[in-house]
Number of protein chains: 2
Amino acid sequence: MPSAPHPQRAVPDHLGDVADALLGQRDRIRSELEALVRIPSISALPDHADDVAASAEATAALLADAGLEDVEVLEHDGMQPAVTGAWLHAGADAPTVLLYAHHDVQPVGTAARWTTEPFTPTERDGRLYGRGAADDKAGVMAHVAAVRAWLDTRGSLPVNVKVLIEGEEEVGSPNLTALLERWATRLHSDVIVLADLVNHDIGWPSLTYALRGMADVTVRVRTLAQPVHSGMWGGAVPDALTATARLLATLHDDTGEVAVPGFLADVRPLPEVERERFAALGTDPERLRADVRLLDGVRFIGDPARTVEERLWMRPTITPTGMDVTPVAQASNTLLSEVTAQLSCRLAPGQDPERALGALADHLVDHAPFGAEVEVTIGEATPAWWTDPTGPAWEAAVAAMTAAYGRRPAAVGCGGSIPFVGPFSDAFGGAACLLVGVEDPRSNAHGEDESVHLEDLYSACLANALLFAELAERRPA
Amino acid sequence: MPSAPHPQRAVPDHLGDVADALLGQRDRIRSELEALVRIPSISALPDHADDVAASAEATAALLADAGLEDVEVLEHDGMQPAVTGAWLHAGADAPTVLLYAHHDVQPVGTAARWTTEPFTPTERDGRLYGRGAADDKAGVMAHVAAVRAWLDTRGSLPVNVKVLIEGEEEVGSPNLTALLERWATRLHSDVIVLADLVNHDIGWPSLTYALRGMADVTVRVRTLAQPVHSGMWGGAVPDALTATARLLATLHDDTGEVAVPGFLADVRPLPEVERERFAALGTDPERLRADVRLLDGVRFIGDPARTVEERLWMRPTITPTGMDVTPVAQASNTLLSEVTAQLSCRLAPGQDPERALGALADHLVDHAPFGAEVEVTIGEATPAWWTDPTGPAWEAAVAAMTAAYGRRPAAVGCGGSIPFVGPFSDAFGGAACLLVGVEDPRSNAHGEDESVHLEDLYSACLANALLFAELAERRPA
């Protein structure tokens, strides 16, 4: 096994036994992860329902084996199985911590692009490859290993622990509301530790304090009652596709920054301290180009006065992601009468979805080219979630991660959306949320050749174990 | 039969016998047209190949019955059958006139939108309804009836006549070059009379002196090597659909007028006399709106300083008519990496297709948003055709139409393209082209409920008959 760079861990002396127990189980953690990866628990494909069920059972067995109690596969009409468990003997004064991850995985994508079989976990250069190896079966293992290290060593945990391992995160968690309604009391906690985020780099952990929200908007543009001949009418009669292109072109300025004032009105201005913190991350634009595979000569978009991090995490987007229009092969000499475009919006901290999307709808109608009929339909929206990166839970996580990785975690945002976080935190009376993870920028979650960096996985397990002690000490409530 | 407004015809006395013979055959012309309409000669649908063949045979029988000689169905590898015939006994000094129409028709479109069956000709309010009743079986009848009236009455024609009735005009005349190469000598003429255009109004004939050309251009826009997650990357990474929309938006100004200077550079400036002539047509914008079924509040596009006629006939267009892009139902939270758009261009008099399309391609590449990769493919182009609306053939047509309709024809352009005209005129050493027709603005050729105004059909037949005498008198060569 090629050796990965070993982190300069700095575990406090009084937790040495727990850390040693955990790091002594590296091989076990890895082989348990491999066993999970072998189950193709693809929640998006109905054919794999049995695999999702098998994955839930395997996860439940791991939780029970770690010493958790009341382990149960949660069944609910139409929901893919979630797994829960708890250990609640730390006393009423100790904080209660909900550990979240998910055991379902994405489809494999293009099978031919995998170097090795997606469901045959394989190690190369210190990384374990396989679908779900990072997202999020590594997250499951981070919780399991942390709990087990304490119970194996001390027979107890310094905090009360509840676990929720979801089975349909990769299809957008459609039953979160039902989960909350049915099991809110059972899951109620003071702190939520969600292990499904991406670390800043290999060996450099992140604590995520902001998630963008999301909404879909549909725009139908009509100019004519029916398509007409482009020869007879072209030059005097507006077609719906030109009108749609011109309308979409009003949504951004030349840099690609959103240019809809009403939509931007409530975006939280980024405090200078956060801007400086992002700049200090020292992101290498050339590495970003390579990561995302921008074509040669293609520029990043957005206001150049903002860091790339601010653009990705703290600014909203409006992106056309689909269009109902005649395909090229079927195009004839016809002026199109109707085009529908799908807009995918990412919502930034500060935006009220209703106000922001209403302003976007008004903009679209107000900017209808040639007087075209513009009809806007606003879909369901998830607002952004963000928190102040301070307070006892936050400080506990910083301390635990710094000790486990030998490096202070980066305080970052995430451009994506996790619908779970806001509603659960709210339902628990504003529970602190610690968003951590095992992925790194090379993990290619959702893509082919997904992988986890094994030494980072062990660091993540250790960080979670140390976190229990740090939370017990600081007692966030 | 409801009576249509009877034209104030003014036939010269010395042609009274020919005119009487022709107008005495109204019922026969109509029933022969009905017989043609009953044959569903849809050239676009391979299933209808037998019908196109039957239609060619029926057309050949009409030509022979009218007294034309050497009638033949022209067969050529892959070509749908054309029909030819001739009468060449007017003497070497008399001009030779090629009479062109086509016997194939468009598909029926939406069958449910037809008031009566498309291939069951039916009269309502002085109009005969049926697919091909106007386009272009009425054109076939206009030639047949004109020739027959002369041969029935006088036993001779004042000009030499050749006839070409094409069988694949509605699929873009793909074998015109082959037709010309193989039968150029047999078809060689001094004047071409093409009966496939639209008259300005019911009872108000047109002579068309300009046709726009046509070209397809394909634009592929790429920003990324592959699609990426809109949450992870949205706001910093440009997507191909936004880039495509912004690129298409550079092609026109806010009025919808083409805004590509190099593309417009060679467009023939419209002489003041033509502009005045167009203005004198007295087009009613409200009627145009209704004809094309513009939605309420939608504006006409183009430079308001130009008449609608100039915009439709004498200005070029660039219109996106199709796009390869994810449909709305399949859109996911993904930044698209590649979009392809089809642009349909109408070329105006003066434009050299190669120069104009080259300038368009340069513009597209030069205006690539965000440095996107833009690849332009230029398809085959037909240049515009136009002629000076003067000279002996033109004057002959004006005289014949004025006499037959009782109204001087409008000198008009046509926004569409007829690939036949330019190459045949050129191949015959610059033969004069007279572009006439039987359709009127309510004919809805290519649409549902296609129809011909019957009294206009008889006027068109009469105009063609009188034209032979007018051409013989003026002897264009």
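Analyst: Asp449(B) counts as buried, because 20 C-beta neighbours lie inside 10 Å. The rule calls a residue buried if 20 or more other C-beta atoms lie within 10 Å of its own, exposed if 12 or fewer, and partly exposed in between, with C-beta atoms placed from the backbone. This is a predicted model: local features need pLDDT of at least 70, side-chain atom pairs count only at pLDDT 80 or more, and totals for chains, interfaces and linings use all residues. Residues are numbered from 1 along each chain as its sequence is written, while chains are lettered from A and ligands numbered from 1 in the order in which they are written.

User: Is Arg475(B) exposed or partly exposed?

Analyst: Arg475(B) is partly exposed, because 14 other C-beta atoms lie within 10 Å. Its phi is near 45°, again a positive value in a residue other than glycine. Arg475(B) belongs to the segment after α15 of chain B.

User: Why does Ser459(B) count as buried?

Analyst: Ser459(B) has 27 C-beta neighbours inside 10 Å, so it counts as buried. Ser459(B) lies in helix α15 of chain B. Leaving aside neighbours within four places in sequence, Ser459(B) is in contact with Pro7(B), Ala404(B) and Tyr405(B). Contact means that the C-beta atoms of two residues, placed from the backbone, lie within 7 Å. The C-alpha atoms of Ser459(B) and Ala19(B) are separated by 10.0 Å, and these residues are 440 residues apart along the chain.

User: What makes α2(B) roughly perpendicular to α15(B)?

Analyst: Helix α2 (residues 26-37) and helix α15 (residues 454-474), both of chain B, pack at an angle of about 105°, with their axes 11 Å apart. That angle makes α2(B) roughly perpendicular to α15(B). The classes are these: under 35 degrees is roughly parallel, over 145 roughly antiparallel, 65 to 115 roughly perpendicular, and the rest oblique. Axes are lines fitted to C-alpha atoms, for helices over the stretch in contact, and angles run from 0 to 180 degrees between N-to-C directions.

User: Which residues of α2(B) and α15(B) meet?

Analyst: Arg26(B), Ile29(B) and Arg30(B) in α2(B) meet Leu454(B), Leu457(B), Tyr458(B) and Cys461(B) in α15(B). By class, this contact has five nonpolar, no polar and two charged residues. Ala, Val, Leu, Ile, Met, Phe, Trp, Tyr, Cys and Pro count as nonpolar, Asp, Glu, Lys and Arg as charged, and the others, Gly among them, as polar.

User: Which residues touch the most other members of the largest nonpolar core?

Analyst: They are Cys461(A) and Cys461(B), in a core of 305 residues. A nonpolar core is a set of buried Ala, Val, Leu, Ile, Met, Phe, Trp, Tyr and Cys residues joined through C-beta atoms within 7 Å. Beyond four places in sequence, Cys461(A) is in contact with residues including Leu22(A), Ile29(A) and Met141(A).

User: Where is there a cis peptide bond in chain A?

Analyst: A cis bond joins Asp135(A) and Asp136(A), with omega about 5°. Asp136(A) is in the loop between β5 (127-129) and α4 (137-154) of chain A. In chain B, the bond from Asp135(B) to Asp136(B) is cis, with omega near 5°.

Terms used
Helix = DSSP H or I, 4+ residues; strand = E, 2+ residues; numbered from the N terminus.
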